[in-house]
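Me: I am new to this structure. Please show it to me, and then I will ask how its labels were given.

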Amino acid sequence: MELIAQGRDADVYALDESRVLRRYRHGGPTGLESRLITHLAACGYPVPRVYETTDTDMVLERLAGPTMLDELARRPWRVGSLGRELGRLHDRLHALPAPEWLPKRFSTGDGDRVLHLDLHPGNVILTRRGPVVIDWCNAGAGDPAADVAMTMVTVGSADVPGFAARLGRGLLLRGVRSGCRTDPAGRMPEVVRAKLDDPNLTPTEAAWLRRHAAVGNEPGKG
């Protein structure tokens with residue numbers, strides 16, 4: 001098998017022209033993740049097709065196209081429009097009531113919605129049929145403001161080199177806010193604290209989050 005992508009928790013291998021294998025290194029929520037992806041597909045949300053699952057593996061549709069992150073690197077002038085697209089993907093997702101079997105995260109107590117909780121440019125594939133959202137292992141049921149806040153702090157804290165990249169990141173975040181109807185401000189401190197508990201954070205990312213927690217500015221604004 002050809003290794004085609006690596007994440008913090010899983011590796012992705014090409015099986016053939018139409019399928020990939022997503023393999024968690026230490027086991028993962030494959031049953032819940034595949035159930036959610038199938039549910040979202042039935043609701044019309046853009047996700048890959050699921051073929052098979054085991055305790056550690058998921059066989060998924062192989063999507064043709066660059067990630068939104070790759071597209072930003074190749075065509076940086078699209079940063080505003082891609083940010084707005086990311087915001088619209090949030091709105092489409094948050095229009096869906098959370099199924100009762102989805103674990104509660106940042107719950108409202110009533111009227112929870114489906115949250116991705118890792119919806120950044122690296123998890124959006126730009127295909128001919130439109131953007132498709134991947135990597136649902138962190139998903140939960142809760143407040144849409146927390147989902148948007150998680151995107152803001154994940155992108156904001158990312159360890160990117162150079163002034164131009166940091167400027168582009170700010171423009172992307174402003175695009176997200178203009179394309180999304182949900183204000184993340186009320187959940188931002190809670191999400192920053194949750195993000196700081198991530199064992200995969202780099203020292204640079206953790207330092208950014210601690211500064212942000214101390215200052216209280218929303219990423220892209222302060």
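Me: What is the volume of the largest cavity?

Reply: The volume of the largest cavity is about 40 Å³. This is a predicted model, in which local features need pLDDT of at least 70 and side-chain atom pairs count only at pLDDT 80 or more, while totals for chains, interfaces and linings use all residues. Residues are numbered from 1 along each chain as its sequence is written, and side-chain values use heavy atoms, with hydrogens and water left out.

Me: What makes a space a cavity?

Reply: On a 1 Å grid over the protein atoms alone, a cavity is a set of points where a 1.4 Å probe fits but cannot get out; lining residues have an atom within 4 Å of a point. The volume is the space filled by probe spheres set on the points, and grid points are joined across faces, edges and corners. A search of the whole structure finds one cavity of 30 Å³ or more.

Me: Which residues line the largest cavity, and what classes are they?

Reply: The lining consists of Pro 29, Leu 32, Glu 33, Leu 36, Leu 102, Trp 136, Cys 137 and Ala 139. Seven are nonpolar, none is polar and one is charged. Here Ala, Val, Leu, Ile, Met, Phe, Trp, Tyr, Cys and Pro count as nonpolar, Asp, Glu, Lys and Arg as charged, and the others, Gly among them, as polar.

Me: Why is Ala 145 called buried?

Reply: Buried means under 20% relative accessible area (1.4 Å probe, protein chains only), exposed means over 50%, and partly exposed is in between. Ala 145 has a relative accessible area of 8%, so it is buried. Ala 145 lies in helix H4 (residues 144–157), where helices are DSSP runs of H or I with at least four residues and strands are runs of E with at least two, numbered from the N terminus.

Me: Why is H4 said to be largely enclosed?

Reply: Of the 14 residues of H4, 14 are buried, so the helix is largely enclosed by the rest of the structure.

Me: What makes E7 and E8 a pair?

Reply: Two strands pair if DSSP finds at least two bridges between them. Strand E7 (residues 124–127) and strand E8 (residues 130–133) have four bridges in the antiparallel sense. They form a hairpin with two residues between them, and Ile 125 has Val 132 in E8 as its bridge partner.

Me: Why is Asp 135 called buried?

Reply: The relative accessible area of Asp 135 is 17%, so this residue is buried. Asp 135 also has a positive phi, of about 65°, although it is not a glycine.

Conventions:
On a 1 Å grid over the protein atoms alone, a cavity is a set of points where a 1.4 Å probe fits but cannot get out, and a pocket is an open set with protein on both sides within 12 Å along at least five of seven lines; lining residues have an atom within 4 Å of a point.
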